[in-house]
Amino acid sequence: MPESYDLIVVGAGPAGLAAAIYAARARLRTLVLDEGVPGGQVKTTHKVSNYPGFPEDVRGSELAALFAKQAERFGARIARSVEITAHVLTGHEKRFVLDGESEVAARAVVVATGARPRALGLDGESRLRGRGLSYCATCDGAYFEGKDIHVIGGGNSAVEESLFLTQFARSVTIVHQFAEFQAEPASVQEALDNPRIRVLFRHEPRGFYGETALDRLRVERLETRELIDLPSDGVFVFVGMEPRTDLLRGLVPIDAHGYVETDDAMATPIPGVFAAGDIRAKRFRQITTAVADGTIAALSAQKYLREARA
């Protein structure tokens, strides 16, 4: 027999942990499943400056740990580093097989699996990932002490993580396809004022090369179509995210960009299944909007369970 819960939350990012906090406080028997350490994308962010209640910058890893601690304080169980090897979301009871062995079940589920860094699909990318090519500055920045590195992108993540990487690298060159950044003006000005950062506007990456590790980045100068090989000790890619909707594909509506469509109660068409956070189709994706989604999903799950028992 599977171990039974009232609510299973899949994903321990801000949305999932907010849902767990609300559900556990409502005395629902709550289980959170996560493939790694709780925190989602937040734990890989070097600093968070705009989360309410923290007038000073807070490390992303610290904020993530506080979310998890609060959920556990109210009685939620967090299963860390587990793999969902089979699942059934339709029917009265939703079931998950973990690591091919144990089975858990619940009447309601919140899917908050977030998003993963978007790959570019360029030559050499898959082969050199983890060999000088990274998608996480917090995870890998310290390995590039005194090195000359490149960052791909021009949004908030690219600019802010470039600033973080200057703590380690001798130089950081941002490669951006447009003539100006799309990041917040304050971060852009800080980057432009930093002597360790230079920018190649109107350039696009075309490939990553090296025998056993990355040693050069090929870019195209868009104005002239010239291909240029740039020596590089490392490249960090920040070109957006792609939703992790594997659990729900084929079961619920997904928009043209791959995001799950829900109503304003975070409900999917499957009774008892809710979606929250960065996998959901919406206009803005921030920590605060993920937390709001998780809150609404938990309250909606409570209502669903209450009505199911009536």
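Good morning. I begin with an open sheet of three strands, arranged in the order S12-S13-S14 with antiparallel pairing. Strand S12, residues 203-209, and strand S14, residues 226-231, stand at the edges; each has a single partner strand, so one side of each is left without a neighbour in the sheet. On average, neighbouring strands of this sheet are turned by 30° against each other, direction ignored. Please keep in mind throughout that this is a predicted model.

Let us look at one pairing in detail. Strand S13, which covers residues 216-221, pairs with S14 in the antiparallel sense over six bridges. Within this region, Arg221 stands opposite Glu226 of S14.

I now turn to the nonpolar cores. Which residues have the most contacts inside the largest nonpolar core? They are Leu63, Val110 and Ile287, in a core of 38 residues. At least two residues of this core are supplied by each of the following elements: strand S1 (3-10), helix H1 (14-25), helix H2 (60-73), strand S6 (102-111) and helix H7 (287-309). Helix H1 provides the largest share, with eight residues.

If its neighbours within four places in sequence are left aside, Ile287 is in contact with Pro14, Val42, Val48, Tyr51, Leu63 and Phe67. One of these partners, Leu63, is also among the residues with the most contacts inside the largest core.

Finally, another core lies apart from the largest one. This other core has 22 residues, including Val111, Leu247, Val260 and Ile279. Thank you for your attention.

Technical notes:
Residues are numbered from 1 along each chain as its sequence is written. This is a predicted model: local features need pLDDT of at least 70, side-chain atom pairs count only at pLDDT 80 or more; totals for chains, interfaces and linings use all residues. Side-chain values use heavy atoms; hydrogens and water are left out. Two strands pair if DSSP finds at least two bridges between them. Helices (H or I, at least four residues) and strands (E, at least two) are DSSP runs, numbered from the N terminus. Axes are lines fitted to C-alpha atoms, for helices over the stretch in contact, and angles run from 0 to 180 degrees between N-to-C directions. A nonpolar core is a set of buried Ala, Val, Leu, Ile, Met, Phe, Trp, Tyr and Cys residues joined through side-chain atoms within 4.5 Å. Buried means under 20% relative accessible area, exposed over 50%, partly exposed in between (1.4 Å probe, protein chains only). Contact means heavy atoms within 4.5 Å.
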